[in-house]
Amino acid sequence: MDKKNLAFDKVNYILLAVGMAVVVLGFILMSGGSSDETAYNPDIFSVRRIKVAPVVCLLGFVSMIYAVIRKPKN
């Protein structure tokens, strides 16, 4: 198969991998301790979990979409 017929090039795959890593980072930022029936944990409403992590995930998904629609240079 000729390389000119491939839909993605090396840069597309690198951008996809970076986007996936950013999404995973966003989900890691969302994780943390939880509240249970005996103890209330106010950390579940922290800025990191409510605002920062979803924005990081959104940026990762947007970068993955860009990597998919980016046209390789000849």
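## Close-up views of a predicted model

View 1. Residues are numbered from 1 along each chain as its sequence is written, and side-chain values use heavy atoms, with hydrogens and water left out. The partners are the side chains of Arg70 and Asp9, with 3.2 Å from N to O. Arg70 lies in the segment after α2 and Asp9 in the segment before α1, so the pair ties together parts that are 61 residues apart in sequence. Helices here are DSSP runs (H or I, at least four residues), and strands are runs of E of at least two, both numbered from the N terminus.

View 2. Is Arg70 buried or exposed? With a relative accessible area of 17%, Arg70 is buried; the cut-offs are under 20% for buried, over 50% for exposed and partly exposed in between, using a 1.4 Å probe and protein chains only. Not counting residues up to four places away in sequence, Arg70 touches Asp9, Val11, Asn12 and Leu15, where contact means heavy atoms within 4.5 Å.

**View 3. The aromatic pair Phe8 and Tyr13.** Searching the whole structure turns up one aromatic pair. The ring centres of Phe8 and Tyr13 are 5.5 Å apart and the planes stand at 80°, so the pair is edge-to-face. For rings of Phe, Tyr and Trp (its six-membered ring), a pair needs centres within 6.5 Å; planes under 30 degrees apart count as stacked, over 60 as edge-to-face and the rest as tilted. Phe8 is partly exposed, with 23% relative accessibility, whereas Tyr13 is exposed, at 51%.

View 4. Helix α2 covers residues 47–69, and its 23 residues should span 33 Å at 1.5 Å a residue. The end C-alpha atoms are 32 Å apart, which agrees; the expected span is 1.5 Å times one less than the number of residues. Where does α2 kink? A kink of about 30° lies at Ala53, shortly before the proline Pro54, the bend being the angle between axes fitted to the seven residues ending there and the seven starting there.

**View 5. The buried residues of α2.** Arg49, Ala53, Val56, Cys57, Gly60, Met64 and Ala67 are the buried residues of α2, and they pack against α1 (10–30). Ile14 is partly exposed, with a relative accessible area of 45%.

**View 6. Arg48 and its contacts.** Arg48 belongs to helix α2 and is partly exposed, with a relative accessible area of 33%. Which residues does Arg48 contact, leaving aside its neighbours within four places in sequence? They are Ile28, Leu29, Ser31, Asp43 and Ala53. A polar atom of the Arg48 side chain lies 3.1 Å from the backbone oxygen of Leu29. Arg48 and Ser31 are 17 residues apart in sequence and 9.8 Å apart in space, C-alpha to C-alpha.

Conventions
This is a predicted model: local features need pLDDT of at least 70, side-chain atom pairs count only at pLDDT 80 or more; totals for chains, interfaces and linings use all residues. A polar contact is a pair of N or O atoms within 3.5 Å; within protein, one must be able to donate a hydrogen and the other to accept it, and residues adjacent in sequence count only if both atoms are side-chain atoms. A salt bridge is a side-chain nitrogen of Lys or Arg within 4 Å of a carboxyl oxygen of Asp or Glu.
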